[in-house]
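Let's take a walk through a protein model together.

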Amino acid sequence: KLPEESKLALEDKWILTKFNALVANVTAALDKFEVGVALSNIYDFTWDIFCDWYIELSKVRLGAQGTEENLVAQNVIAYILTGTLKLLHPFMPFITEEIYQALPHDVESIMISKYPEFNKAECYDEAGEQMERIISAIKAIRNRRSEMNIVPSRKAKVYIATKYTDSFNDKTAVFFTRLASASE
């Protein structure tokens, strides 16, 4: 289950918002019998958002064994992974069942579990916008480093001048050191 809202980090709220958008998009596509669109949405979310960004953003908290932040990150990952498996189950029943059985679950089979539904309470638009700004800045830094042929192992100081002080602060600086090769 999800931790209470006050314990969720910025990246947790962002992934929950993205997951709810996925649920809405997949449900709408299936209602129109657009199976390819539904699968494409699930694929893009799984690789581009969940694996490529969220898990990487959470690695600092996952590495802090025995802390509450670690447990929150684990719970959010399990929640999103389970929900994604449920969305994918109609298309890949045997594989999703096998993975589901290896995760903490509330019913004996994914086949009889509740299919995900859009939940407005799990949408955090402001946190989503903040995280999107951070991800855009990280991508811009990576692109600039690539254009200048700077190897990722070479760290550099990063200065960000912005009006969005809520998005760029001491709490989010760790994302830049880990994902944009910033020394500080």
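Predicted model: local features only at pLDDT ≥ 70, side-chain atom pairs only at ≥ 80, totals over all residues.

The protein chain has 6 helices and 0 strands, and reading from the N terminus the order is simply α-α-α-α-α-α. If you boxed in the C-alpha atoms along the principal axes, the box would come to roughly 50 × 40 × 30 Å. The chain counts 184 residues, and 38% of them are buried. Now think about who touches whom: among contacts with a separation of 6 or more, 69% are made by residues 24 or more positions apart.

On to the packing. Two packed helices are described by the angle between their axes and the distance between the axes. Start with helix α1, residues 10-31, and helix α2, residues 35-63. Their axes come within 10 Å and cross at roughly 170 degrees. An angle over 145 degrees counts as roughly antiparallel, and that is why α1 and α2 get this description. Which residues make the contact? On the α1 side they include Trp-14, Ile-15, Phe-19 and Leu-22, and on the α2 side Ile-42, Phe-45, Ile-49 and Trp-53 are among them. Sorted by class, this contact has 16 nonpolar, 3 polar and 4 charged residues.

Next, follow α2 to helix α3, which covers residues 68-88. Here too the axes come within 10 Å, with a crossing angle of roughly 170 degrees, so α2 and α3 are roughly antiparallel to each other. From α2, the contact uses residues including Leu-39, Ile-42, Phe-45 and Phe-50; from α3, Val-72, Val-76, Ile-77 and Ile-80 are among the partners. By class, you'd find 14 nonpolar, 5 polar and 2 charged residues in this contact. Notice Phe-45: it takes part in the contact with α1 and also in the one with α3.

That brings us to the rings. A pair of aromatic rings is described by the distance of the centres and the angle of the planes. The model holds 5 aromatic pairs. In one of them, Phe-19 and Phe-45 sit 6.0 Å apart, centre to centre, with 55 degrees between their planes, which makes the pair tilted. Phe-19 belongs to helix α1 and Phe-45 to helix α2, so this pair ties together parts that are 26 residues apart in sequence.

Another tilted pair is made by Phe-168 and Phe-176, at 5.9 Å centre to centre and 40 degrees between the planes. Phe-168 has a relative accessible area of 18%. Buried means under 20%, so Phe-168 counts as buried. Phe-176 is buried as well, with a value of 6%.

For contrast, find Phe-33 in the loop between α1 and α2. Phe-33 is exposed, with a relative accessible area of 73%. Now look from Phe-33 across to Tyr-159: these residues are 126 positions apart in sequence, and their C-alpha atoms lie 48 Å apart in space.

Terms used. Residues numbered from 1 in each chain as written. Heavy atoms only, no water. Axes fitted to C-alpha atoms, helices over the stretch in contact; angles between N-to-C directions. Helix = DSSP H or I, 4+ residues; strand = E, 2+ residues; numbered from the N terminus. Parallel < 35°, antiparallel > 145°, perpendicular 65-115°, else oblique. Contact = heavy atoms within 4.5 Å. Nonpolar A, V, L, I, M, F, W, Y, C, P; charged D, E, K, R; others polar. Buried < 20%, exposed > 50% of the residue type's maximum accessible area, 1.4 Å probe, protein only. Phe/Tyr/Trp six-rings, centres within 6.5 Å; stacked < 30°, edge-to-face > 60°.
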